[in-house]
Amino acid sequence: MTSGLRSQRALAIALGLAATGCAKYERLPLDTSADLVSRSDNLVGGVGGRVSLRMLDQLVVANNPDLRAARAQLGAADAQVLIAGILPNPQLQAAYPFLISGPGTVDSYSAGFVQDLKSILIYRTKGEVASAAKQNVSATLLWQEWQTIGKARLLYVDIVSGDRLLTFIAKTRKLFKERFDLTSKAITEGNATVATLSPDLVAVGDIQKTYDDLSRLQLSRRHQLAALLGLTPDAPFALSPTIGMPRIDVARIRAELGSIADRRPDLIALQFGYRSEDAKLRQAILSQFPAISVGLFAGQDTSGILAIGPQINTELPIFDRNQGGVALETATREQLRREFTARVTAATEEVEALLSEQALVGRQLMDLEPRLRQARAIAERTEIAFRQGIFDERAYVDIESARLAREQERITLLQAQLEGQVALATLVGAGFPFVTLSPEEPPADPLGLFHEVAR
């Protein structure tokens with residue numbers, strides 16, 4: 001076998017081995033169809049029947065289309081950590097100028113490799129940036145899941161409360177309609193004037209409008225909940241009428257408010273984001289080190305003399321000493337620091353405001369209870385008298401509608417109380433454990449970095 005054939009075969013084997021280590025491309029066409037489910041029992045984790053608040057939390061986390069898309073960010077964050085952990089390849093340089101003329105007797109050639117030292121210098125800080133960014137993405141995703149659960153819980157509370165309210169509004173509408181029909185009959189028989197019909201007509205129109213407005217709002221709420229679950233808008237989805245919302249311990253919330261930054265996922269995400277930016281600033285400072293490549297070169301000149309020795313290439317940091325990069329990262333870190341402080345302040349204020357509003361709703365409920373009991377007792381007595389024919393029909397309708405108005409007021413207050421509890425649970429990160437971030441890395445030691453990479 002000639003030397004040429006051996007060289008070609010070696011080159012072919014080398015290229016083949018290199019090809020086996022490369023990733024292969026596979027087409028992944030987009031799916032243009034909507035990813036919606038028409039039946040609730042076909043959802044991931046769906047079991048059919050009425051859905052409780054606890055089951056709703058699990059269904060939302062498993063089926064929400066936006067959350068499933070957001071989880072893909074974790075794969076990208078993992079890839080960034082992988083990229084940051086890979087050292088740049090050394091560069092191979094070779095030259096073979098043919099001898100054309102002159103006193104030389106042979107062709108000259110040279111070959112060698114160089115390695116960029118600056119990439120080694122910032123190697124560890126790049127890893128810190130990517131690792132903190134990955135933790136930031138993870139905590140942000142957790143906060144997004146928690147907020148989506150909060151939205152679903154609010155819709156659950158509003159839908160169940162709205163159904164109860166619709167029931168009482170329908171009863172009130174029935175009363176007003178009966179009185180309107182009786183007045184109309186009296187006018188027809190000549191026992192009443194048209195003027196007596198006017199208040200009844202207005203009352204029937206107003207209560208019908210209230211009923212229609214709430215019916216549209218309920219339908220919109222059901223559509224929003226279906227969208228959160230990845231269901232088609234009109235898919236049948238029954239909710240349990242019992243709202244098992246965990247009770248809020250006000251004393252505990254106030255006691256733990258000072259540590260909200262160590263528990264709420266979005267605040268923890270900001271801390272990881274700040275840590276990543278701090279690592280970027282250290283990387284920018286290290287990048288002031290001029291780009292230097294060192295290597296080893298060997299070659300032969302045209303007279304046949306062989307030589308070997310080191311080679312160094314470097315830039316001269318006369319104009320660009322990365323002062324712009326340092327200024328940018330310094331300003332960005334300061335911006336993130338202030339944003340974190342502002343977010344913690346806003347979160348504390350929101351929780352305090354909600355606690356105050358919850359206290360007000362609680363007092364209003366306590367004030368309403370005796371008035372509601374009184375209205376129920378009066379309505380019960382007047383109904384008996386009305387059935388016995390010893391009580392005026394118009395007065396009976398007024399008393400009954402007043403009782404129904406109290407019932408609606410109570411439902412509205414209970415709904416506001418439950419909405420506040422859902423919002424509080426979301427804002428304080430109820431149920432999340434305390435997270436203690438590991439101590440930050442000490443400033444990079446350039447010589448230590450080279451030793452670490454060498455090991």
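The structure holds 29 salt bridges, a salt bridge being a side-chain nitrogen of Lys or Arg within 4 Å of a carboxyl oxygen of Asp or Glu. The model is predicted: local features need pLDDT of at least 70, side-chain atom pairs count only at pLDDT 80 or more, and totals for chains, interfaces and linings use all residues. Residues are numbered from 1 along each chain as its sequence is written, and side-chain values use heavy atoms, with hydrogens and water left out.

Helices (H or I, at least four residues) are DSSP runs, numbered from the N terminus. Arg222 is partly exposed, at a relative accessible area of 32%, and Asp163 is partly exposed, with a value of 32%. Here, buried means under 20% relative accessible area, exposed over 50%, and partly exposed in between (1.4 Å probe, protein chains only).

Within helix 7, Asp213 and Lys209 are four residues apart and therefore separated by about one helical turn. Their salt bridge has its closest N and O atoms 2.9 Å apart. Asp213 is partly exposed (29%), whereas Lys209 is exposed (51%).

A further salt bridge connects Glu407 with Arg376, the closest N and O atoms lying 2.8 Å apart. Glu407 belongs to helix 11 (residues 393–428) and Arg376 to helix 10 (residues 323–387), so the pair ties together parts that are 31 residues apart in sequence. Glu407 is buried, with a relative accessible area of 6%, while Arg376 is partly exposed, at 35%.

Finally, a network of salt bridges links Arg124, Glu128, Asp278, Arg282 and Arg333.

Key:
Helix = DSSP H or I, 4+ residues; strand = E, 2+ residues; numbered from the N terminus.
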